[in-house]
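Visitor: Please walk me through reading this model, one feature at a time.

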Amino acid sequence: MRSDLVVSSAALAPPLQEVRVAPKLRTAVLGAGMLGIDLAERLAASDSLAVPLVAGREGSTGLRLAGRMGCATSSQGIRAVLEAGVDVVFDASSADAHPAHWAELASRDVLLIDLTPSSGGQMVAPTVNGHRAESHRHLSLVSCGGQAVLPVLDAVAKHSTVVYAEVATTVASASVGPATRNNLDEYVETTEYAIGRLTGADATKVLATISPALPAPAFRAQITVIADRIDHDALTAGAAAATCAVREFAPGYELTALRVQGRQITATVTVTARGGRLSAFAGNVEIINAAAVTLAERYASTRRA
């Protein structure tokens, strides 16, 4: 007897639905330094983003590490990325190189996420204005310092009138590569601009310290704001909520102090790296890379819809 004609209780059950797994978006990382390699590792663990192509300098240690992680590698830079036909590109190279990368990619159906402080593209922090990422293909993550302080400053700006905003960051020397050291001027300028745009402050100032201390200090940002019409309770609640939101993708993010004295608001943010090959003190790398992957995964979800 043909098995497909046998009537049983199983035949009365609803048919099983075929489960289709959406393809992962193809990705590429420009830059094979500490930032690029940690980013590649995060992308390899993503459920919606494919293991990336990593493009860096020929013979670099980073490219060898990427190869051992299972990534395709190339020393041909943006040329290799263009030939690979990817969906998402993460620029972890340098502020000077980024404009040329965008010029090559602008006419293509590609999302470019800029991790350099070049100030190109739509400036985005996932918990502040992440919704804007859906309508732009050129995103700027400002800087690691920007990603650390913008969520707290957003809460401050919503519950006071900011007159002056100052941010002083301290980062361990071992977590800062050559490109970042060369881009310190751009880091300061871009972060100041983003803080001013977000808070509406008449004046902003950003200070950066690269500390050689041992043991290496955790990444820290000290925020000082002069403001009027401060709603203390709402500000405190808003800053706590902002911290919880960031911890969804960067669990080592902490608001370790918040104080209001007269017109002065002070806050301290620390970020500890908690995954992969990063040392705990490399919270500067963790915060910006976690933000980058979060935005790319949101983009992937909209592409699948």
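Visitor: Which residues of H10 are exposed on the other side?
Guide: Asp233 and Cys244. Exposed means over 50% relative accessible area, buried under 20%, partly exposed in between (1.4 Å probe, protein chains only). Helices (H or I, at least four residues) and strands (E, at least two) are DSSP runs, numbered from the N terminus. This is a predicted model: local features need pLDDT of at least 70, side-chain atom pairs count only at pLDDT 80 or more, and totals for chains, interfaces and linings use all residues. Residues are numbered from 1 along each chain as its sequence is written, and side-chain values use heavy atoms, with hydrogens and water left out.

Visitor: Which residues of H10 are buried?
Guide: An α-helix has 3.6 residues a turn, so residues three or four places apart point the same way. In H10, Leu235, Gly238, Ala239, Ala242, Thr243 and Val246 are buried. Their directions fall within an arc of 140° seen down the axis, so they line one face of H10. The arc is taken over directions from the helix axis to the C-beta atoms.

Visitor: How do I read a nonpolar core?
Guide: In soluble globular proteins, nonpolar side chains tend to be buried together. A core here is a set of buried Ala, Val, Leu, Ile, Met, Phe, Trp, Tyr and Cys residues joined through side-chain atoms within 4.5 Å. The largest has 65 residues, and Phe90, Ile113, Ile223 and Val225 have the most contacts inside it. Helix H11 (residues 283–304) gives the largest share, 10 residues. Apart from this core lies another, of 13 residues, including Ala55 and Leu82.

Visitor: What is the strand order in the sheet of 5 strands?
Guide: Strands of a sheet pair through backbone hydrogen bonds, either parallel or antiparallel. Two strands pair if DSSP finds at least two bridges between them. This open sheet runs S9-S8-S10-S12-S11, with mixed pairing. S9 (203–211) and S11 (253–261) are the edge strands. S8 (residues 161–172) and S9 pair in the parallel sense over 9 bridges. Ala168 stands opposite Leu207 in S9.

Visitor: Which strands does helix H7 lie across?
Guide: Helix H7 (residues 144–158) lies across S8, S10 (219–228), S11 and S12 (264–271), at about 30° to S10. Axes are lines fitted to C-alpha atoms, for helices over the stretch in contact (heavy atoms within 4.5 Å). Angles run from 0 to 180 degrees between N-to-C directions.

Visitor: And the sheet of 7 strands?
Guide: That open sheet has the order S3-S2-S1-S4-S5-S7-S6, and its pairing is parallel. S4 (residues 88–91) and S5 (residues 111–114) are joined by 4 bridges.
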